[in-house]
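Good morning, and thank you for the time on today's agenda.

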Amino acid sequence: MEGKPPRRLGRFDAAMSLAARAMPGGLTPWIEQARLDATMIMDRASGRSPTPLVNELESPTPLDQVDPLNLLPRRVAERVRAAQRDARMLRDRLILGKTPPPLIERPRPSAASVVSLPGKTPNMARPLEVVDVVRETDDAVSIYVTESDGSALEFKPGQFLSVDVVIDGEPLRRAYSLASACLPDVPRHITVKRIQKGRVSNHLNDTIRIGDRLAVLGPSGNFTVEPRSVNERHLVMIAGGSGITPIMSILETVLRVETGSRVTLIYGNRSWEDVIFRDRLESLRQEFGDRLVADHVLEHPPDWWTGERGLLGSEVLESRLQALGVIDDGMLRYFVCGPTPMMEQTHAALQRRGVEPNRIAEERFTSPEDRSRNAGSDKTELVQVSRGGHEHGIQVEPGQSILEAALAAGIDMPFSCAMGGCGACRVRRVAGDVQMEEPNCLSRDERERGYVLTCVGRPLSPCQIEVEGP
Ligand code: FES
């Protein structure tokens, strides 16, 4: 028998649910009764003929089962839940002194030494379940994950996760892009390519197994698109090596959602064996026909290779754009991700073609192993933080980042990856000098406008910064 749909929850239910949470527990039955009475009256007044207390399908949901967040749009509710979860973890860590559970748990005795990040940054990581591990190349592995309750991760194509591990007792954090298409029912995965002396990338490639738990923050990042089925556009994507990971997510999502759009991908690698997602790109090419052009450039190609040879630098790029007939009509958008030299050369080539910077989206992640370790001032500096009309003075110790000092002082600061990769901690420098670890994700334009990243920024003098937004 087909029943009527359950009675929908309304704002009134939410208000009563909130009241029940705010009032002493003894008042809950009274509040529930008041809600039931009021619901009956409202139903009658609106012409419904309720038998709410005998018909299960029409009865209001029990008060203690009403989650007011369910009445918000899903994405907003997810954000609020994430904020609540983070706040609880922060409270546990900073106020109650509780240590969060290990960040990678492995049932086997040979458990990886992956735990939390005590005392480094407030750890808001959450555990994800590793549900599959797929080797893409000798040097790259895709790690499929779900939230710990088995649900799919919410993300935007092109975003990344910050992964926390502890190796030999040292807490480390790295960012890895989600490479899956951003569609319901598509399993989510990050893809991790080994880099020379990369401690985390090698550790994950060597040890990650189905059933592990992976501690992550995010997703975050602004290197993304909003696919819309009505769009009809041409996107040009330029990737080098593991820079393909966010590009792959954007590319496949756009092709599947925007049936009138097309993509040209120029993808540089050392050798044919190094090409991550080689087969996936080929099957997408077969599926989407001339809506996808995937052009490979190989530095050390095999004998049978007939495609472009060499390093994907500005000259090779220009010649490929020419050979592929990519005509820039002023509407093309470019997505670029790869090693810093490739990105710089791509910029130069696109500039020569007259492409305005606002049509180029770029993502650069650099291993902390490659970073300059800038310690900032060798003495404690005073930093004035303005946030939401309030002023706070904080002391930043030598070697400490502004973010670390501000959080330690109890100031609610925005951040996500804590490694210069997402821009979430961006603030405006009003006065003083701030030194940042390089490279990081700030664009040229942002630097010129005086922005700095607090997670990798250290004062060189007394400073004043302003946190924008609410
Ligand atoms: S928190 Fe991501 S750049 Fe600072």
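I begin with a contact between two helices: Ser314, Leu317 and Glu318 of H7 meet Gln345, Thr346, Ala348 and Ala349 of H8. Sorted by class, this contact comprises 3 nonpolar, 3 polar and 1 charged residues. Please bear in mind throughout that the model is a predicted one.

As to the geometry of this pair, H7 covers residues 314–323 and H8 covers residues 340–352; they pack at an angle of about 50°, and their axes are 8 Å apart. H7 is therefore oblique to H8. The crossing of H7 past H8 is right-handed.

I turn now to the sheet. In general, the strands of a sheet pair through backbone hydrogen bonds, in either a parallel or an antiparallel manner. Here, 6 strands make up an open sheet with antiparallel pairing, and their order is E4-E3-E6-E1-E2-E5. E4 and E5, the latter spanning 188–193, are the edge strands, each pairing on one side only. On average, neighbouring strands of this sheet are turned by 40° against each other, direction ignored.

Let us look at one end of that order in detail. Strand E3, residues 160–167, pairs with strand E4, residues 170–177, in the antiparallel sense, and the pairing extends over 8 bridges. Within the pairing, Ser162 stands opposite Ala175 of E4, and Asp164 has Arg173 in E4 as its bridge partner. E3 and E4 form a hairpin, with 2 residues between the strands. In the turn, Asp168 has a positive phi of about 50°.

Helix H4, residues 199–207, lies across E2, E3, E4 and E5. Relative to E3, H4 runs at about 85°.

Where does Gly243 sit in the chain? Gly243 is in the loop between strand E7, at 234–240, and helix H5, at 244–257. Is Gly243 buried or exposed? Gly243 is buried, because 28 other C-beta atoms lie within 10 Å, and the cut-off for that class is 20 or more.

Which residues does Gly243 touch, if those up to four places away in sequence are not counted? They are Cys337 and Gly338. Ser177 falls within the residue range of E4, 170–177.

That concludes my presentation, and I thank you for your attention.

Technical notes. Residues numbered from 1 in each chain as written. Predicted model: local features only at pLDDT ≥ 70, side-chain atom pairs only at ≥ 80, totals over all residues. Axes fitted to C-alpha atoms, helices over the stretch in contact; angles between N-to-C directions. Helix = DSSP H or I, 4+ residues; strand = E, 2+ residues; numbered from the N terminus. Parallel < 35°, antiparallel > 145°, perpendicular 65-115°, else oblique. Left-handed = near helix turned anticlockwise from the far one by under 90°. Contact = placed C-beta atoms within 7 Å. Nonpolar A, V, L, I, M, F, W, Y, C, P; charged D, E, K, R; others polar. Pairing = 2+ DSSP bridges. Buried ≥ 20, exposed ≤ 12 C-beta atoms within 10 Å, placed from the backbone.
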